[in-house]
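Hi everyone, thanks for coming. Let me put the chain up on the screen, and then we'll walk through it together.

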Amino acid sequence: MKLFEGNLKVGDWFKGKSRDGELIYGYIKTINPSKKAALINVVKSDDEKMVGTTIGMMDEKIEKLPLQKAAHEEQILSLIDLALLTKDEAWFIELTAELKRLQDKKQGWHS
């Protein structure tokens with residue numbers, strides 16, 4: 001998959017296989033387009049020791065996960081917890097803004 005020819009950004013979610021073949025799920029922490037690689041923060045894996053670590057992965061080893069059309073408040077709250085655990089301030093700000101937008105929409109406010 002030629003991910004680095006497309007529109008990649010920090011925070012995109014991926015699945016892939018590690019060098020040892022473990023299935024991993026995570027999100028992009030940083031991107032290095034010149035090396036066609038990304039640092040992935042692992043949030044789920046066949047190998048529990050990998051969870052919470054950051055690993056480098058090459059373009060051909062990862063697959064971008066599709067965005068969900070509508071996130072529920074519960075999902076966003078879980079992601080906010082994850083952003084706090086990983087100390088990702090930009091992601092936290094993005095998620096809290098999305099949560100506020102959903103809550104305002106639910107209350108009939110349009111922003």
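So, in what order do the elements of the chain run, from the N terminus on? They go β-β-β-β-β-α-α. In other words, the chain has two helices and five strands. Before we go on, please keep in mind that this is a predicted model.

Let's take the strands. They make an open sheet of five, in the order E4-E3-E2-E1-E5, and the pairing is antiparallel. Which strands sit at the edges? Those are E4, residues 54-58, and E5, residues 62-64, and each of them pairs on one side only.

Now zoom in on E1, residues 13-17. E1 runs antiparallel to E2, residues 23-32, and five bridges join the two. Phenylalanine 14, for example, has glycine 26 in E2 as its bridge partner, and lysine 17 stands opposite leucine 23, also in E2. The hairpin of E1 and E2 has five residues between the strands, and there glycine 21 takes a positive phi near 90 degrees. What about E5? E1 is joined to E5 by three bridges, again antiparallel, and here lysine 15 stands opposite glutamate 63.

Next, the side chains. In a regular strand they alternate between the two faces of the sheet.

Over in E2, have a look at isoleucine 24. Is isoleucine 24 buried or exposed? Its relative accessible area is 2%, so isoleucine 24 counts as buried. Leaving out residues up to four places away in sequence, isoleucine 24 touches several others, among them Phe14, Val42, Met50, Ile55 and Met57. For the chain overall, buried residues make up 30% of the 111 residues.

Last stop, the helices. H1 covers residues 73-85 and H2 covers residues 89-106; their axes come within 9 Å and cross at roughly 160 degrees.

Sorted by class, the contact of H1 with H2 has 12 nonpolar, two polar and three charged residues.

One more number, about the chain as a whole. Take the contacts with a separation of 6 or more: 38% of them are between residues 24 or more positions apart.

Terms used: Residues are numbered from 1 along each chain as its sequence is written. This is a predicted model: local features need pLDDT of at least 70, side-chain atom pairs count only at pLDDT 80 or more; totals for chains, interfaces and linings use all residues. Side-chain values use heavy atoms; hydrogens and water are left out. Two strands pair if DSSP finds at least two bridges between them. Helices (H or I, at least four residues) and strands (E, at least two) are DSSP runs, numbered from the N terminus. Axes are lines fitted to C-alpha atoms, for helices over the stretch in contact, and angles run from 0 to 180 degrees between N-to-C directions. Ala, Val, Leu, Ile, Met, Phe, Trp, Tyr, Cys and Pro count as nonpolar, Asp, Glu, Lys and Arg as charged, and the others, Gly among them, as polar. Buried means under 20% relative accessible area, exposed over 50%, partly exposed in between (1.4 Å probe, protein chains only). Contact means heavy atoms within 4.5 Å.
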